[in-house]
Amino acid sequence: MATGFIKNAAECIFFDNIERDSVLLVNMVKNKTDGILQASKITNILINYIVENTRKYNVIDMGVLYSVYRELGMLPEDNRNSYSFSMKIANYLKANYILYGIAYGDASKPSLELQLISVKTGEILRVVNSSV
């Protein structure tokens, strides 16, 4: 499904902006499409690709992310899953970076925007857009 895009995004975004041994939070992809989207599946593909293809930093596991959402009384697919909420989770988990994803457009062939964000400064370090 999204593997080709994720590979291209990884080559553009992951390897040059993240400091060695840092902690990366891949936030649940936010669905802003015109329909139903398996955001958790796209998020899991992202996490797995990063873990399998990079060994220089630590990625927070999907199970840990789900656990934090439950602790905070939210569902990962909840529309309240905003940028500020992602920062809250990242600080809670002591992450150095967030990979914030937004799917938009047609749900059957969505576009995906990935933003690499520094938790410390809130600065968006890189943005990648593509079709899934």
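Biologist: Which residue just after α4 takes a positive phi?

Modeller: Lys94, with a phi of about 60 degrees. This is a predicted model, where local features need pLDDT of at least 70, side-chain atom pairs count only at pLDDT 80 or more, and totals for chains, interfaces and linings use all residues. Residues are numbered from 1 along each chain as its sequence is written, and side-chain values use heavy atoms, without hydrogens and water.

Biologist: Why is α3 called roughly perpendicular to α4?

Modeller: The axes of α3 (residues 62–71) and α4 (residues 83–92) cross at roughly 110 degrees. Roughly perpendicular covers 65 to 115 degrees. That makes α3 roughly perpendicular to α4. Their axes come within 11 Å, and the crossing is right-handed.

Biologist: What makes the contact between α3 and α4?

Modeller: Contact means heavy atoms within 4.5 Å. From α3 come Leu65, Val68, Tyr69 and Glu71. From α4 come Phe85, Ile89 and Tyr92. Six of these residues are nonpolar, none polar and one charged.

Biologist: Which residues of α4 are called buried?

Modeller: Phe85, Ser86, Met87, Ile89 and Ala90. Buried means under 20% relative accessible area, with a 1.4 Å probe and protein chains only. The buried residues of α4 pack against β1 (23–26), α3, β4 (97–105) and β5 (111–118).

Biologist: How many residues has the largest nonpolar core?

Modeller: It has 36 residues. Such a core joins buried Ala, Val, Leu, Ile, Met, Phe, Trp, Tyr and Cys residues through side-chain atoms within 4.5 Å. Leu24, Leu25, Val26, Ile98 and Leu99 have the most contacts inside it. β4 gives the most to this core, with six residues.

Conventions: Axes are lines fitted to C-alpha atoms, for helices over the stretch in contact, and angles run from 0 to 180 degrees between N-to-C directions. Helices (H or I, at least four residues) and strands (E, at least two) are DSSP runs, numbered from the N terminus. Angles under 35 degrees count as roughly parallel, over 145 as roughly antiparallel, 65 to 115 as roughly perpendicular and the rest as oblique. A crossing is left-handed if the near helix is turned anticlockwise from the far one by less than a right angle, and right-handed if clockwise. Ala, Val, Leu, Ile, Met, Phe, Trp, Tyr, Cys and Pro count as nonpolar, Asp, Glu, Lys and Arg as charged, and the others, Gly among them, as polar. Buried means under 20% relative accessible area, exposed over 50%, partly exposed in between (1.4 Å probe, protein chains only).
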